[in-house]
Amino acid sequence: MSFRVGSGHDSHRLAEGRPLILGGVTIPHTRGLVGHSDADAVLHAVTDALLGAVGLGDIGDAYPDTDPRYLGADSRLFLTDTLAKLNQLGWRVVNLDVTIFAQEPKLGPVKTAIRENLAVLLGVPTDCVNVKAKTGEKVGHIGRAEAIATHAVVLIQKLSTDYTEDTDIERDSSNL
Ligand code: MG
């Protein structure tokens with residue numbers, strides 16, 4: 001069994017006139033995140049973590065914000081497309097740990113919905129995903145509620161093709 005770890009970070013500015021979407025969940029709030037796509041900072045960080053784990057660069061390489069196809073895009077597209085690439089390479093997600101930094105709105109009531117949605121999108125049991133929420137302690141751009149950021153860490157695994165049964169047999173024979 002081979003394992004890889006990946007990390008991702010993303011942040012977007014909060015502004016009026018935009019829906020707030022985190023982890024694919026629309027959250028009632030007076031402001032939302034600004035971006036070329038739907039600006040889902042959680043899905044962007046998770047996508048970057050997956051890309052990082054397999055050495056496929058970053059979300060800007062894979063889905064450029066200069067591409068009109070991604071204007072207003074549902075960020076679930078980025079995650080599911082990236083997951084398909086990983087699966088084609090033989091990788092599966094083991095677990096995901098996400099930390100969302102937001103002064104407002106309070107994310108306590110929506111953490112479970114985000115967690116469950118991430119698990120569905122990744123095709124893993126809910127207990128393989130964790131979502132934590134932190135405020136910015138009213139300091140800096142997060143604390144002033146100017147932006148929301150996310151940090152994500154993912155572990156992936158695949159059955160190794162480097163370690164064959166022949167290797168086992170040779171090792172066993174050498175012990176005779
Ligand atoms: Mg982003």
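Predicted model: local features only at pLDDT ≥ 70, side-chain atom pairs only at ≥ 80, totals over all residues.
Helices and strands here are DSSP runs, numbered from the N terminus.

What surrounds Asp 40, leaving out residues up to four places away in sequence? Asp 40 touches Ile 21, Leu 22, Gly 23, Gly 24 and Ser 75. Its side chain reaches the backbone nitrogen of Gly 23 at 2.9 Å. A polar atom of that side chain also lies 3.1 Å from the backbone nitrogen of Val 42. Asp 40 is buried but has no salt bridge. Arg 76, the nearest side chain of opposite charge, is 7.2 Å away, whereas a salt bridge needs the nitrogen and the carboxyl oxygen to be within 4 Å.

The next stop is the metal site. Which residues supply the protein donors of the magnesium ion? They are Asp 10, through OD, His 12, through NE2, and His 44, through ND1, lying 2.2 Å from the ion. Along the sequence these donor residues follow the spacing D-x1-H-x31-H. His 12 belongs to strand E1 (residues 2–16) and His 44 to helix H1 (residues 41–53), so this pair ties together parts that are 32 residues apart in sequence. Both histidines can also be described by their accessibility. His 12 is buried, with a relative accessible area of 13%, and His 44 is buried as well, at 8%.

In soluble globular proteins, nonpolar side chains tend to be buried together. In this model the largest nonpolar core has 40 residues, and Leu 22 and Leu 118 have the most contacts inside it. At least two residues of this core come from each of strand E2 (20–22), strand E3 (25–27), H1, helix H3 (76–88), strand E5 (92–101), helix H4 (111–122), strand E6 (129–134) and strand E7 (147–158). The largest share, 8 residues, is supplied by H1. Leu 22 shows how such parts meet. Apart from neighbours within four places in sequence, Leu 22 is in contact with Ile 27, Leu 33, Asp 40, Ala 41, Val 42, Ile 100, Leu 107, Ile 114 and Ile 148. Another core, of 6 residues, lies apart from the largest one and includes Leu 51, Ile 59, Tyr 63 and Phe 78.

The last topic is charge pairing. Side chains of opposite charge can pair when their charged atoms come close. How many salt bridges does a search of the whole structure find? It finds 6. One of the salt bridges joins Lys 85 and Asp 81, at 3.7 Å from N to O. These two residues are 4 apart in helix H3, so about one helical turn separates them. Lys 85 is partly exposed, at 31% relative accessibility, and Asp 81 is partly exposed at 32%.

A salt bridge also forms between Asp 97 and Lys 132, whose closest N and O atoms are 2.7 Å apart. This pair links distant parts of the chain, with Asp 97 in strand E5 and Lys 132 in strand E6, 35 residues apart. Asp 97 is partly exposed, at 28% relative accessibility, and Lys 132 is partly exposed at 30%. Arg 144 and Glu 146 meet in a further salt bridge, at 2.9 Å from N to O. Here Arg 144 is exposed, with a relative accessible area of 52%, while Glu 146 is partly exposed at 35%.

Notes
Residues numbered from 1 in each chain as written. Heavy atoms only, no water. Donors = N, O, S within 2.8 Å, 3.2 Å for Na, K, Ca; no water. Buried < 20%, exposed > 50% of the residue type's maximum accessible area, 1.4 Å probe, protein only. Lys, Arg positive; Asp, Glu negative; His and termini not counted. Polar contact = N/O pair within 3.5 Å; in protein donor to acceptor, adjacent residues only side chain to side chain. Contact = heavy atoms within 4.5 Å. Core = buried A, V, L, I, M, F, W, Y, C linked by side-chain atoms within 4.5 Å.
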